[in-house]
Amino acid sequence: MINVGIVGLGYWGPNLLRNFYQLEGCHVKYGCDLEENIIKKYSLHYPNIKFTVNYDKLVINPEKQFFVIPVKTGIQSFQVVTCFLDTRFRGYDDFLRMYQL
């Protein structure tokens, strides 16, 4: 079982959340978005997933194994991706593939 975190629940995030949630062998453990109303919405639909508006909390959490980051390009997404790239210096082996959304 692989633990998955979804960072960005705006446009593509809900589809990825649903797909990984239904995928055998995956356990969606975390969801993150900067919009509090989005967090509340998905917390109701997926009560066993931990949701937060602070992606820094996800980076330092040792339970994660894999993150999907479907965020739009721009300065804020640059900050998110940079934060996750920094995790490799904390002993994590994250694989990052960027798609322009």
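Visitor: Does Tyr 21 count as buried, exposed or partly exposed, and what is its relative accessibility?

Guide: Buried means under 20% relative accessible area, exposed means over 50%, and partly exposed is in between, using a 1.4 Å probe and protein chains only. Tyr 21 has 36% relative accessibility, so it counts as partly exposed. Keep in mind that this is a predicted model, where local features need pLDDT of at least 70, side-chain atom pairs count only at pLDDT 80 or more, and totals for chains, interfaces and linings use all residues. Residues are numbered from 1 along each chain as its sequence is written, and side-chain values use heavy atoms, leaving out hydrogens and water.

Visitor: How many aromatic pairs turn up in the whole structure?

Guide: Rings of Phe, Tyr and Trp (its six-membered ring) pair if their centres lie within 6.5 Å; planes under 30 degrees apart are stacked, over 60 edge-to-face, and the rest tilted. Here the search finds two pairs. In one, Tyr 11 and Trp 12 have ring centres 5.7 Å apart and planes at 85°, so they sit edge-to-face. Tyr 11 is exposed at 66% relative accessibility, while Trp 12 is partly exposed at 40%. In the other, Tyr 21 and Tyr 46 have centres 4.8 Å apart and planes at 70°, so that pair is edge-to-face. It links distant parts of the chain, with Tyr 21 in helix H1 and Tyr 46 in the loop between H2 and S3, 25 residues apart. Tyr 46 is buried, at 13% relative accessibility.

Visitor: Which residues of the largest nonpolar core touch the most other members?

Guide: A nonpolar core is a set of buried Ala, Val, Leu, Ile, Met, Phe, Trp, Tyr and Cys residues joined through side-chain atoms within 4.5 Å. In this 14-residue core, the answer is Ile 6, Leu 17 and Phe 51. Strand S1 (2–7), helix H1 (13–22), strand S2 (26–32) and helix H2 (36–45) each give two or more residues, and H2 gives the most, three.

Visitor: Which residues of H1 are buried?

Guide: Gly 13, Pro 14, Leu 17 and Phe 20. They are on the same side of H1 because they cover an arc of only 135° around the axis (taken from the directions from the helix axis to the C-beta atoms).

Key
Helices (H or I, at least four residues) and strands (E, at least two) are DSSP runs, numbered from the N terminus.
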